[in-house]
Amino acid sequence: MRTGELLARGGPLVGLVLVCVVFVFLVGPQFLGPANLELIARQTAIVCTAALGMTLVIVAAGIDLSVGSIVSLSTVVIAIVLRHAGGPGLAALAAIASAAGCGLVTGVLVTRLKVVPFIVTLGMMLLVRGAAKGLADERRLEAPITWLNDLLRTASAALVPLGVWMMAALALVVAGILRYTRFGRHLFAIGSNERTARLCGVRVERTKVAVYALSAALAGLAGVLQFSKLSVGDPTVAVGLELDVIAAVIIGGGSLSGGKGTALGTVLGATIMAVIQIGCSQRGLPNWVQQIVTGGIIVAAVALDRWRLRAGAGERAA
Amino acid sequence: MTDPPRFEMRGIRKAFGATVALDGVGLAVRAGEVCALVGPNGAGKSTLMGVLSGALVPDGGTMALDGSAYRPRDPLAARRAGVAMIHQELSLAPHLSVTDNVVLGLEPARFGVVRRAEARDRATQALGRLGHADIDPAAAVGALPPAAQQLVEIARAFAVGCRVLVLDEPTSSLGREDARRLFELVRRLRADGQAVVYISHFLEEVKEVADRFVVLRDGRNVGEGRTEAASHDDIVSMMIGRRVGEMYPRGQRTPGDVVLDVEDLGPGGVRFALRRGEVLGIAGLVGAGRTRLLRTLFGLEPVRAGRVRLGVHAGAFPPSARWEQGMGLVSEDRKGEGLAASLGVADNLTLSRLDGLGPGPIVLPSRRDAAARRWIDRLDVRCRGPRQPVSELSGGNQQKVALARLLHHDVDVMLLDEPTRGIDVGSKAQVYELVDALVAGGEGRAPRAVLLVSSDFPELLGVCDRIAVMCRGRLGAARPVSELDEHRLVLEAAGGAA
């Protein structure tokens, strides 16, 4: 059990060390130089921010496929507010609020219609994407340059860009929510056995609506970072981002059947994906290699998890 | 008496990690003898039979079959040697025919082509030996009733010439009539010179079919004897290590004021009043509506008609409010509803009441674990610690966790739905002790009120102060246990004269 537990907790970390070592061999020691580390952190920020929200949803045995669409909607909302002479702070808030609104709708649909979240959020994915396109009139919206554009730009004084600091702070908050709050314990209970949660007086519906709204708000924040990178509102950006986000959670030890997942694991999962991406491109490996490697890691992460579960069950037979 | 027994196991030891499952267990059965193997859950019965049937390799000890050393490498080797085990859950291929199932793995074939006629003959012959030539060898097994499926599995054992047959809880999925026919079959096998090991929780069955019984507890032999010479009481006290009379303790109980008052609750117009300091039992058959009644009271099902008053709270409330009002429910469906299997003991135990474990909405793991540890000690829950997933605990210990949740929440009114179903005798005794202590009060705590649903009538008579019988959604009047006996309860539950 001790090795099993170690693998469970340390699995993603071991994975990250492994991919780093591999790329140090392939690319050279400068791969772990400060400039490159900062690049990795910057690259991680968008997926990771959204993935932290997704972790909460997945712990509660849900899923949200509309994340990519919400990110694009956020960039559009920011551009529109900026073009109408709103301040950058207001623009970011508007983006996060509209994202949370999408999540609220998802949550209400999931709990009221009692349709599985996969289907509801598949619908929301198209719905939100359509809304973003409609709002932007199917164009990329140019917007005036503000401090929002600096969120992922290297600030010499702060070691890494502000956006990365935000992501790190957020990871701590999400870790705290999962570990140390009533809300977090309720999420684990719902994910592990919804009927037990209901029996124990957990307000299951309310908790679910809250978690979808919260997760979507974080996707909105990821949208703010995305806008910072693009500096335009783009309704066609981040197509398929939700799959990267889900992959980060799974690599980090989350389980799609619920009841499992950690913020730290998710951060590591997102970092592993960024390392592979950057490593492959610096080595000059084509995109398809990168995709094969990432796919392999996802399958390996899940296989490892299964194997660990079985090992645990074997000892249990005693 | 000079012949060696059909099989003999001596000093069998088997450990899983740090857990010693078998500690020098012996078992010998003669040809033409039926020996019952009994003991509480976790006593080592399944492990012992696993060793006998080749599924487990023992750490120590010797085995002999008809006097010669027997050491199966795997279940197939055991089957070839003539040792067959019929598990509780049958291992048949439902889409294949009876014949195919009987010869599965040992098909008569020439050049890889199955000789169908010979296979069918073997199947018919084996079924004939069991006195059940009426089963069509061409029928698909999945279409047969459970009793017939079991026969097919036994026939499979005979098709390879079995000498030792192990039946593990064979009547658990059978009706009364099918069980009776199975007993006949077992007697027939005995007359046929088979050695039969019969594992069962039901002592009536043991008395009916077995010549001898062997009792295991905690991986050791703790007693044996001839069934005709032993009473139920004797066997049970060997299983639990104490007398049966002590199973149902009764402290000083003084019924207080009414805490739960139910009037004309639909469907069926249920009415009763539950007082502090008493256990009110609800007897009945499965499907009589007892579980639904508890769930309705607890807000898991809507109140369609009638009035419910819990203390000062009149009306229908959701479970979250019920907990706050001081009512708790232990679900009959431990795996599906009662517990979140993948979560730890402490998480399950504290889920309904996380306040007080830290400031505001914060839950401190250390405080949570400390709260859980208190109940783990108090109820003697066997676990590695508060964070061990409940799925890894035995049934009895899981049930204690489910009960401990009500204690952690400190509720006044406890709705217990089949709280001892599927748990071992030792844990049952602990549950009874706990319920008695709770309604008796003490330790500076007012007596609680318990509403107990159970299908185990002796248990109801032992634990309750009053019992009402439910039949087809209607609840009869509650009467003191002194006016009732098991016979009456069975009769009334089945809708006989009140």
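B:Leu260 sits across from B:Leu310, a residue of strand 16 of chain B. Strands here are DSSP runs of E with at least two residues, numbered from the N terminus. The model is a predicted one, so local features are taken at pLDDT of at least 70 and side-chain atom pairs at pLDDT 80 or more, while totals for chains, interfaces and linings use all residues. Residues count from 1 along each chain as its sequence is written, with chains lettered from A and ligands numbered from 1 in the order in which they are written.

Another facing couple in this part of chain B is B:Asp261 and its bridge partner in strand 16, B:Arg309. Strand 13 (residues 258–265) and strand 16 (residues 307–310) of chain B run antiparallel, joined by 4 bridges; two strands pair if DSSP finds at least two bridges between them. Both belong to an open sheet of 4 strands in chain B, ordered 14-13-16-17 with antiparallel pairing. Strand 14 (270–275) and strand 17 (313–314) are the edges, each pairing on one side only.

Back to strand 16: B:Val308 and B:Leu310 point to one face and are buried, meaning 20 or more other C-beta atoms within 10 Å of their own, with C-beta atoms placed from the backbone. On its way to strand 17, strand 16 forms a hairpin with 2 residues between the strands, where B:Gly311 takes a positive phi near 60°. These two strands pair antiparallel over 2 bridges, and B:Leu310 stands opposite B:His313 of strand 17.

Technical notes. Buried ≥ 20, exposed ≤ 12 C-beta atoms within 10 Å, placed from the backbone.
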